[in-house]
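Hello,

Here is the structure I said I would pass on. My notes come after it.

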Amino acid sequence: MEKVDVLLTNALVLTMDQALSQYESGAVAVRGDSIVAVGPQETLQAQYTASQVIDCGGKTLMPGLINAHTHVPMTLLRGLADDLRLDVWLMGYMMPVEREFVSPEFVRLGTQMACAEMIRSGVTCFADMYYFEEDVAKATADAGMRALCAESVLKFPSPDADSYEEGLAIARDFIQRWKGHPLIVPSIAPHAAYTCTPEILRAAAELAAEFDVPLHTHISETAGEVANMREENGMPVVPYMKKCGLFEAKVLAAHCVHVDEGEIRTMQHLGAGVAHNPSSNLKLASGFAPVQRMLELGLNVGIGTDGPASNNDLDMFEEVRLAAFVAKCVTNDPTALPAQTALLMATRQGAQAMHMDDITGSLEPGKRADLILVDNRRIHNAPFFRRDPNAAYAQIVYASKATDVSDVMINGQWVMRGRELLTLNEEEILAASMEYARQIDAFLTAREQSVLAKLIAIGGATEEESFEVQAKVPISNEQPILQALLHNPQIEILRKRHYREYDTYFLFNDVEQGRLRIREDHFVDDQGKIDHVRSRLTHVGVSSEFNFPSGVLLSRSRFLAPATQSIRFYREYFRPDEVMEIEKDRLRYLVRFQDTEFFINIDTLIQPSTGKFLEVKSRTWSRKDAEQKSTLAAELISLLGASPNNTISRDYVELLKP
Ligand SMILES: CSC[C@H]1O[C@@H](n2cnc3c(O)ncnc32)[C@H](O)[C@@H]1O
Ligand SMILES: [Zn+2]
């Protein structure tokens with residue numbers, strides 16, 4: 001008789017091995033961290049003596065579930081911002097809060113919380129991607145869980161790295177220190193094509209290949225991501241990633257919602273794995289990945305929850321069921337993604353997608369003892385049938401719940417026995433998480449009260465208080481003005497620009513909030529063609545005005561930021577009370593008149609169609625200077641043949657507001 005540490009008997013054993021072997025009165029023998037044998041109970045009882053023999057009481061004994069994509073510390077952000085589109089959710093809420101709160105302490109607590117939730121729901125291994133990943137790894141290993149832990153790298157500063165070079169150095173250090181750990185596979189995560197440069201993608205792949213560790217990333221999560229990629233690089237995301245050398249590494253690609261047949265074939269050919277995240281993709285309305293086709297083409301597809309702030313839980317039972325249901329619905333075929341395939345994706349195939357199937361994902365001799373017991377005799381999942389071997393998978397996928405998991409062993413160690421967590425203190429974790437929630441609530445409440453604070457939170461805004469003299473006169477025809485401008489020897493033309501200006505104004509009932517303008521200038525060349533486009537976002541504070549003869553001094557704060565997002569993003573993020581759009585054709589001259597620089601704008605209002613205006617503007621620095629410039633502005637208006645008596649002091653948005 002051979003000696004083992006644990007012999008689990010009297011179980012319905014679902015091995016999830018290549019042959020999908022099942023043993024109705026089955027047993028599993030464990031020695032140290034590994035499975036020694038799996039088979040019929042009588043066979044194993046005749047062959048092994050064990051220090052601990054456990055009668056499983058007829059429960060289902062199966063490999064632990066594998067969560068193939070998540071961001072575990074985001075448990076602390078669960079429920080923070082919901083019912084939003086991905087870009088607004090991510091850039092408007094998650095990233096600003098992460099910049100403020102994410103620290104080693106934050107990720108440790110969030111990881112403990114996630115591990116408690118995942119162990120309770122039968123997850124033994126997960127693929128993570130976050131900041132301070134070394135602290136994620138420590139907390140995971142302390143909880144006794146197995147994980148692929150990927151340190152993130154982005155092109156902009158992140159909570160743990162001021163630059164991507166620093167991010168890459170942190171990732172290298174982390175991988176070097178943790179490679180070979182019994183529970184943790186260290187890895188690197190260039191976040192996504194849209195948050196990384198080609199240099200980052202290439203360097204990350206080289207690093208992963210150098211250490212022979214997987215690389216974890218997001219690919220083609222939304223249609224918008226793919227459309228932008230096509231516009232900027234003339235190809236979809238997978239060929240772009242390939243061009244950047246990403247697939248030189250063993251890739252785990254989360255989402256892949258908007259990939260075409262060619263991209264699926266490329267990923268399969270290059271040995272990449274996919275993590276399918278149905279809840280997150282449905283909740284953020286990103287779409288549904290072509291999972292059925294991926295499987296037909298031989299791609300390894302695992303199932304993930306994604307972060308608990310976009311799901312909003314880490315329940316793999318729900319995720320597996322959803323994957324099966326939605327695949328049936330989108331293919332209009334109830335035979336699509338049957339229960340055994342869905343469960344395979346959450347076990348062995350998930351491990352394959354993570355490039356970890358040599359150690360976990362099925363109950364087979366030589367693999368680590370990562371296993372769970374599921375109570376299959378409760379009122380909601382009883383009775384059960386054994387005529388068709390698929391019934392056992394169907395029971396788990398369609399009827400069982402996370403709370404049916406009673407016992408969890410990882411790497412040969414029990415982490416839950418009889419529904420009692422052995423490595424984590426849930427009460428302490430809960431109390432600490434509530435304290436974070438209180439602080440984050442206070443931070444966001446303050447921010448949400450101010451449009452300007454919201455603008456600064458999404459980054460890139462710089463303040464510039466400006467004072468300007470401005471005078472505007474309606475004109476009926478620009479030709480005489482242009483003639484006067486071009487031929488008057490007193491006026492020296494320094495520069496000329498011609499552009500179509502598209503302004504979108506966000507107005508707020510509370511005028512103290514100021515207003516936002518998203519301005520897109522389409523520059524027109526001498527042939528009348530659009531030359532280039534410039535987008536800017538300006539927050540204009542409440543202005544104070546001083547009237548001078550024939551001019552107005554406006555004083556107001558302006559925050560300028562590059563408009564890197566779509567107008568739709570800004571509308572959903574700022575939620576203005578009113579939106580106004582103004583389109584004009586502008587001839588803009590920078591001139592010198594009496595040793596003073598002025599801008600002369602000859603504007604044709606196209607939308608709303610309200611005629612033509614001559615506008616004279618100049619920056620100013622003091623009241624005295626403003627007074628002088630307003631007098632000069634009036635003279636300029638007269639010289640150009642318009643009447644200074646008709647001067648209007650208001651901005652277009654005020655002028656045109658119905
Ligand atoms: C750099 S990894 C963590 C980073 O990713 C953000 N994140 C969480 N879920 C998603 C998702 O579905 N798509 C893109 N980015 C996501 C998270 O907030 C972190 O900033
Ligand atoms: Zn993700």
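Predicted model: local features only at pLDDT ≥ 70, side-chain atom pairs only at ≥ 80, totals over all residues.

Binding site

An unreviewed UniProt entry carries a "binding site" annotation on His69, His71, His218 and Asp306. These positions span 238 residues of sequence, yet they cluster in space, with a largest C-alpha distance of 11.8 Å.

I looked further at two of them. His71 sits in the loop that runs between strand 6 (65-70) and helix 2 (86-101). His71 counts as buried because 28 other C-beta atoms lie within 10 Å, where 20 or more are required. Setting aside neighbours within four places in sequence, the contacts of His71 are Asp128, Met129, Tyr130 and Gly307.

His218, by contrast, belongs to a strand, namely strand 10 (residues 214-219). His218 is also buried, with 25 other C-beta atoms within 10 Å. With neighbours within four places in sequence again left out, His218 is in contact with His191, Ala192, Ala254 and His255.

In soluble globular proteins, nonpolar side chains tend to be buried together. The largest nonpolar core here has 178 residues, and the members that touch the most others are Val28 and Ala323. Helix 3 (residues 104-120) is the biggest contributor to this core, giving 9 residues.

Beyond its neighbours within four places in sequence, Val28 is in contact with Leu8, Val13, Ile35, Val38, Leu61, Leu363 and Leu371. There is also a second, separate core of 19 residues, which includes Ala471, Leu485, Leu614 and Ile637.

Regards

Notes:
Residues numbered from 1 in each chain as written. Chains lettered and ligands numbered in written order. UniProt positions renumbered as here; feature names shortened; annotations may be inferred. Helix = DSSP H or I, 4+ residues; strand = E, 2+ residues; numbered from the N terminus. Buried ≥ 20, exposed ≤ 12 C-beta atoms within 10 Å, placed from the backbone. Contact = placed C-beta atoms within 7 Å. Core = buried A, V, L, I, M, F, W, Y, C linked by C-beta atoms within 7 Å.
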